[in-house]
Amino acid sequence: LSDCLACDNCMTSEEGARVFQQNQKELFRILTLNKKCDTSKHKVLAVSICPQSLPYFAAKFNLSVNDAAKRLCGFLKSLG
């Protein structure tokens, strides 16, 4: 729960599993495994950004919302 943004977007009754899948430690654990293992065993990662976060991110780095989205997407892709 420490990484939960309280965005109120949990869509299922399995919120515990959903929050577990959204934590930073699990993300980096899977990224590390994907770098070490056979590509046939890779786990697919999906990232969603709540729309309320993008304007904040854009303002923080003095970017347009579209540029912020593109840079954030590029950064996430660079992680694997």
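Glu 26, Ile 30, Leu 31 and Asn 34 are the buried residues of helix H2, where buried means under 20% relative accessible area with a 1.4 Å probe on protein chains only, exposed means over 50%, and partly exposed is in between. They sit on the same side of H2, because they cover an arc of only 135° around the axis, taken from the directions from the helix axis to the C-beta atoms. This is a predicted model, in which local features need pLDDT of at least 70, side-chain atom pairs count only at pLDDT 80 or more, and totals for chains, interfaces and linings use all residues. Residues are numbered from 1 along each chain as its sequence is written, and side-chain values use heavy atoms, with hydrogens and water left out.

**Helix H2**
- Lys 25, Lys 35 and Lys 36 are exposed on the other side of H2.
- Asn 34 lies in H2, residues 24-36, and counts as buried because its relative accessibility is 11%.
- Beyond its neighbours within four places in sequence, Asn 34 is in contact with His 42 and Lys 43 (heavy atoms within 4.5 Å).

**Helix H4**
- The 15 residues of H4 should span 21 Å at 1.5 Å a residue, and its end C-alpha atoms are 21 Å apart, which agrees; the expected span is 1.5 Å times one less than the number of residues.
- Just after H4, Gly 80 takes a positive phi of about 120°.

**Confidence**
- The protein chain averages a pLDDT of 77, and 72% of the residues score at least 70 (pLDDT is the predictor's confidence in each residue, from 0 to 100).
- Confidence is lowest in H1 (residues 15-21), at a mean of 57, and highest in H4 (residues 65-79), at 90; helices are DSSP runs of H or I with at least four residues, numbered from the N terminus.

Note on methods: Helices (H or I, at least four residues) and strands (E, at least two) are DSSP runs, numbered from the N terminus.
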